[in-house]
Amino acid sequence: MLTESPDQALIALMQRVATHDQDAAAALRELYEQTSSRLYGVALRVTGNREWAEDALQEAYLNIWRIAGDYRASLSPPMAWLGVIVRSRALDFLRRRNSERVDRNQELDDYVQETVAGEAVDPADAASTSEQALALRQCLSRLEPRQREVVSLAYLRDLSHGELAEQLKLPLGTVKTWIRRGIEQLRQCMQRFA
């Protein structure tokens, strides 16, 4: 008398689960009893947390209930197919948990920002801004006086090249050149302070 191999027994159980008839629930229970301890190990390795592994395993068996009819013995052994499903559910579970954690952290950050921030300037931001302003002042002082004037007016008063040329009684080309060169010198100078 020939005995059924473990793979053949699992294939038969999945075929019974795929029918979704009265016998399907009993077949799923039997499939669970035969495979859950090994598949739990897969879920635990992926999640690294016993409780999460249990949740992922439960989701995996619900998925197996739905898609058991899709299993093809010619493509993979049953435990490999079941393992892929469990691994996928465990990874999905981790992604959801991480997403929820990020959302909760963002909510907490927003709440803290609204509650604590008030009207006061953040000391770290103030220090950084102060250092940048000092660096910019030093870099501006290295420009030639007329070039410094043109760059300052262009950015502090938000004047166009044409308005600057008219106000300073300079040719438009000269204003554009001084601004371009001044910005380049400032960029190089500020990189030293970064």
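So, helix 2 against helix 3: on the helix 2 side we have Ala24, Ala25, Leu28, Leu31, Tyr32, Thr35, Ser36, Leu39, Tyr40, Ala43, Leu44 and Thr47, and they meet Arg50, Trp52, Ala53, Glu54, Leu57, Tyr61, Ile64 and Trp65 in helix 3. By contact I mean heavy atoms within 4.5 Å. Sorted by class, that contact has 15 nonpolar, three polar and two charged residues. Here Ala, Val, Leu, Ile, Met, Phe, Trp, Tyr, Cys and Pro count as nonpolar, Asp, Glu, Lys and Arg as charged, and the others, Gly among them, as polar.

Quick caveat before I go on. This is a predicted model, with local features needing pLDDT of at least 70 and side-chain atom pairs pLDDT 80 or more, while totals for chains, interfaces and linings use all residues. Residues are numbered from 1 along each chain as its sequence is written, and side-chain values use heavy atoms, with hydrogens and water left out.

Okay, geometry. The axes of helix 2, residues 22-47, and helix 3 come within 8 Å and cross at roughly 140°. Those axes are lines fitted to C-alpha atoms over the stretch in contact, with angles from 0 to 180 degrees between N-to-C directions. The two helices are therefore oblique to each other; the cut-offs are under 35 degrees for roughly parallel, over 145 for roughly antiparallel, 65 to 115 for roughly perpendicular, and oblique for the rest.

Now look at tryptophan 65, which sits in helix 3, residues 50-67. Leaving out residues up to four places away in sequence, tryptophan 65 touches Val17, His20, Ala24, Ala25 and Leu28. Its C-alpha atom is 7.0 Å from that of alanine 18, 47 residues away along the chain.

Over to glutamine 147, in helix 6, residues 145-156. Glutamine 147 is buried, at 8% relative accessible area. What does it contact, apart from neighbours within four places in sequence? Trp178, Arg181, Gly182 and Gln185.

Zooming out, the protein chain has eight helices and zero strands, where helices are DSSP runs of H or I, at least four residues, and strands are E, at least two, numbered from the N terminus. Of the 194 residues in the chain, 29% are buried. And among contacts between residues at least 6 apart in sequence, 62% join residues at least 24 apart.

Key: Buried < 20%, exposed > 50% of the residue type's maximum accessible area, 1.4 Å probe, protein only.
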